[in-house]
Amino acid sequence: MSIFDLFKRKKSSEVAKKRLMMVLSYERKGLPPNFADILQEDLIQVFSKYPQFDSKSIEVELKNDGEVDQLWISIPFAKGRRQ
């Protein structure tokens with residue numbers, strides 16, 4: 001991978017394929033189409049109670065590497081907070 005790969009524009013067919021794979025993955029598992037969004041909202045609500053976390057920057061994503069479906073959740077710590 002070169003530095004120029006970072007600036008390549010993805011083809012619309014690649015983006016469409018990725019979206020279709022995600023929809024099919026949701027259906028196979030019996031999840032609602034907006035599952036990641038619902039889960040993200042719930043996590044934001046829970047982690048907003050704790051000032052140690054940057055709850056507004058929580059990310060939730062379902063990924064598929066071809067063989068395995070994975071749920072990725074990123075919950076960053078708040079900057080500058082020390083105990």
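Let's start with phenylalanine 53, which is partly exposed in this predicted model, with a relative accessible area of 23%. Being buried would take a value under 20%. Which ring does phenylalanine 53 stack with? That partner is phenylalanine 77: the ring centres are 5.2 Å apart and the planes meet at 20°, so the pair counts as stacked. Phenylalanine 53 sits in the loop between H2 and S1, while phenylalanine 77 belongs to the segment after strand S2 (69-74), so the pair ties together parts that are 24 residues apart in sequence. Phenylalanine 77 itself is exposed, at 59% relative accessibility.

Now look at the other ring pair. Phenylalanine 47 is buried, at 19% relative accessibility. Together, ring pairs link Phe47, Phe53 and Phe77 into a cluster.

Phe47 also takes us to the core. The largest nonpolar core has seven residues: Ala36, Leu39, Leu43, Ile44, Phe47, Ile58 and Val60. Which element gives the most to this core? It's H2, with five residues.

Leucine 43 is buried, with a relative accessible area of 15%. Setting aside residues up to four places away in sequence, leucine 43 touches Ile58, Val60 and Ile73.

One last stop: serine 55, in the loop between H2 and strand S1 (59-64). Is serine 55 buried or exposed? At 8% relative accessibility, serine 55 is buried. Beyond its neighbours within four places in sequence, serine 55 contacts Ile44, Phe47 and Ser48.

Key: Residues are numbered from 1 along each chain as its sequence is written. This is a predicted model: local features need pLDDT of at least 70, side-chain atom pairs count only at pLDDT 80 or more; totals for chains, interfaces and linings use all residues. Side-chain values use heavy atoms; hydrogens and water are left out. Buried means under 20% relative accessible area, exposed over 50%, partly exposed in between (1.4 Å probe, protein chains only). Contact means heavy atoms within 4.5 Å. A nonpolar core is a set of buried Ala, Val, Leu, Ile, Met, Phe, Trp, Tyr and Cys residues joined through side-chain atoms within 4.5 Å. Helices (H or I, at least four residues) and strands (E, at least two) are DSSP runs, numbered from the N terminus. Rings of Phe, Tyr and Trp (its six-membered ring) pair if their centres lie within 6.5 Å; planes under 30 degrees apart count as stacked, over 60 as edge-to-face and the rest as tilted.
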